[in-house]
Amino acid sequence: MKKGLWNALTAALLSGVLLSAAGCTPTAKPYEAPDATLTIHGQADTANARNEISDTLFGVFLEDINYASYAMDDNLVANGLFEFDSDHWLVADGASLVRNETGGVSGACAAVEIPQSGGAVLNTGYSPVPMAVEKGIVYHFSAFIRASGYDGKVRISVRNEKKTVAEAQITVAESDEWVKYAADLTATESVSSGLSLCLTFESAGELQLDGVALETGDSTAGIKNYMYEPIKELSPRFVRFPGGCVIEGKNMDSAYDWKNSIGVGSDGKVAVLTYTSVAADGTSETVTTTGEPVTRTPNTDIWQTGNNYYRMEYGIGFYDYFLLCESIGASAIPILNCGISCMIQSNGADLPGRNGNGAQDYIQDALDLVAFAIGDPDSEDENEAYWASVRAAMGHEEPFEMQYLGIGNEQWGRYFDRYEMFLEAFASAAKENPIYGKVQLIVGNGAVFTDTETDGRGGLARAEALAYQSAGKINKVSEYGVHDHHYYMNYTDFLTNVHHYDSYSRDENSRYDVFVGEYSANQINNLRGTMFQTPNNSWIAALSEAAYMTGLERNGDVVKLAAYAPMFGNAESSLNQWAVDMMYYNNTELVRSANYYVQQLFMLNQGKYLLDSELTYSDGVGSTYKIVGASNITVDKLFTVVSKEAGTGDIIVKIVNASPEDIALNITLSDVSAAGKVTITELQNDNPEAVNSLGATAVSPVGSGANIGGTFGYLSMCYSAAVIRIPVA
């Protein structure tokens, strides 16, 4: 690679020590013989809609895959509702535990017999995310107990074969009613393996258990903090949830049911419980709750393989997803089942629906979700008032932030007829109640890149929208909905398709908005006979996504939303159903991949208006390079996009250098003046196959700054992505 042409800014970028030692900010002098020049026109044409970048452009996709919900959920107990046999439950010292299909607080429960003092039942937690505790953290135990044949103390402990690391005690009084007992346990040391939650009964007798939970106090919005904080620190503008194939399922049992996730019963109403709650000190109170986790009917996750336990227990349900979105300042984008199962995993069978009415049940589910999320409890519309009142009773009086609603996922063919039923139902409902017109529907568009408008192909959803327009059902193509594009490709595909959306129509009648709902560079493609295989989450893969994101931002008037997918993978690869993910967790920590830092770089630096800029090379021809091992694949050396931030007025320059060469770049401000020092954030590694791991971080942000004039020099290092923020007068 080429080295040299170092200036003060370059040195500052590479050495934070230099900056602090000098006690001042260096001046970035322009190169006398630059390799290239980026000329920026700093005055934004705000009247031109083409220049306005979506406020919600970069967000995240959160799917319950790779056992992600188990890692996120602050409840460490597995199968605490006993809905799935007696999985994850053991007995000791003479005790017995038998699952009963019915008789629980809201479904199944466990009958426990203790023939002698000291009998115990134990929960082993989720095997993909073993139970772990941290010294000093408080853990909240709770369980519903119907002690019709038991009166005495119960010791609650977290322990392994060698020691007890947290414990408390409750006193259970004989009763034929379900009583919720609670106690706090503080961990005396940090242990991350071999632990179980143990209930040791100090009297003989029999009782029933349901809704057993052990929730860590080290959590936010019901999510363990070591999983929550990286999501928040991305600063996403939206969260797409809960899938993905998860929402489709292979059948009714394995399709995500948003109503099950908030405790809706067979009568179509959300369960309201009134019970006695008893604390460890014996004090009691009468409590009424709505949608409590014990009332939520679990489903099987579509990603379950063989006989492995993978159940959607809904410890994190739709209400909790909305709370997560709100807590991190993101808009919620729920995706719902359209009444057709996964077309990839089960050939797209019709699903009967909650009440056996097929599509109509799923349409009603969608309308009800809108009322639940953004409805008014005081509405004159009885249905809106009910679902909005449920939200309020669960603890959130005000509506959530939701602008979009996805219908189906990666479906095609007859799916479009089904989608149009939703489209027409929402249009009809909006005439009676305007709340249903406040959300835009998202239409599925297949599962691969060639399903979009590319290589002369029209695009699946676009073709359907045009036909629907021709039939007089809509006036503009945009009224068909936002088109959801999904594609997983080789890194070379992302580098060669950066300009994919440049040619999309801006005509008022034929344009439509795009949601790149799932994308990442993770597929090994046989391109022109050559295999371009790199390690999972390699730096070159992340760089190719960064290059592609410059194209998404440049077309931010059409591409309204975009999300890397999926978010979480297990650090133990054998536990994953999807190999390449943004972050990898174990039971106490996670690694942020290079892909994560690329996403964060763009999310923290989203401009409002696209600025005109020109990139020219001094030799007139040195703008491209050939991919190693592929003599006929040529890509750009530099990818750039320039925008203006609405609030600060800062000019935000993004530069991606996916080539093996350092490039001396002069940046010229043609019609504005800088009003202070620029700040620079860089990601860089000389090795394109570098990968972040739990043991070592190969790629992470490095910041610096410099004073500049109208033209300044910047060395774009090989295999780098950078953001330069320029305050202007």
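Six strands make up an open sheet with antiparallel pairing, in the order β33-β37-β38-β43-β40-β41. Its edges are β33 (609-610) and β41 (702-706), each of which has a single partner strand, so one side of each is left without a neighbour in the sheet. Strands here are DSSP runs of E of at least two residues, helices are runs of H or I of at least four residues, and both are numbered from the N terminus. Two strands count as paired if DSSP finds at least two bridges between them.

The model is a predicted one, in which local features need pLDDT of at least 70 and side-chain atom pairs count only at pLDDT 80 or more, whereas totals for chains, interfaces and linings use all residues. Residues are numbered from 1 along each chain as its sequence is written, and side-chain values use heavy atoms, with hydrogens and water left out.

Within this sheet, β37 (residues 638-644) and β38 (residues 651-657) are joined by seven bridges in the antiparallel sense. One of the residues involved is Val642, whose bridge partner in β38 is Val653. Helix α12 packs on the sheet, where it touches β33, β37, β38, β40 (678-684) and β43 (720-726), and its direction makes about 45° with that of β37. Helix α13 (residues 594-603) lies across β38, β40 and β43 and runs at about 160° to β40. These angles are taken between N-to-C directions and run from 0 to 180 degrees; the axes are lines fitted to C-alpha atoms, for helices over the stretch in contact.

Ser643 is located in strand β37. With a relative accessible area of 0%, Ser643 is buried; buried denotes under 20% relative accessible area, exposed over 50%, and partly exposed the range in between, with a 1.4 Å probe and protein chains only. The side chain of Ser643 forms a polar contact with that of Glu553, at 3.2 Å. A polar contact is a pair of N or O atoms within 3.5 Å; within protein, one must be able to donate a hydrogen and the other to accept it, and residues adjacent in sequence count only if both atoms are side-chain atoms. Beyond four places in sequence, the residues in contact with Ser643 (heavy atoms within 4.5 Å) include Ile53, Tyr609 and Ile652.

Leaving aside neighbours within four places in sequence, Ser538 is in contact with Pro688, Glu689, Ala690 and Val691.

Helix α6 (residues 318-327) is largely enclosed by the rest of the structure, because seven of its ten residues are buried. The buried residues of α6 are Phe318, Tyr319, Asp320, Tyr321, Phe322, Leu324 and Cys325. Their cover includes β16 (223-224), α4 (225-234), β17 (238-241), β22 (331-336), α7 (359-374) and α8 (382-393). After α6 comes Gly329, which has a positive phi near 75°.

A further open sheet has seven strands with mixed pairing, in the order β4-β5-β14-β9-β12-β18-β19. Here β4 (96-100) and β19 (284-290) stand at the edges with a single partner strand each, so one side of each lacks a neighbour in the sheet. From one strand to the next, the twist averages 35°. Five bridges pair β4 with β5 (residues 109-114) in the antiparallel sense, and the bridge partner of Asn100 in β5 is Cys109. Leu185 belongs to strand β12 (residues 179-186) and is buried, with a relative accessible area of 0%. Leu185 and Tyr139 are 46 residues apart in sequence, yet their C-alpha atoms are 5.1 Å apart in space.

The cysteines remain to be considered. The structure holds zero disulfides, a disulfide being a pair of cysteine sulfur atoms within 2.5 Å. The closest cysteine sulfur to that of Cys109 is in Cys198, 20 Å away, which is too far for a bond. Cys109 counts as buried, at 0% relative accessibility.
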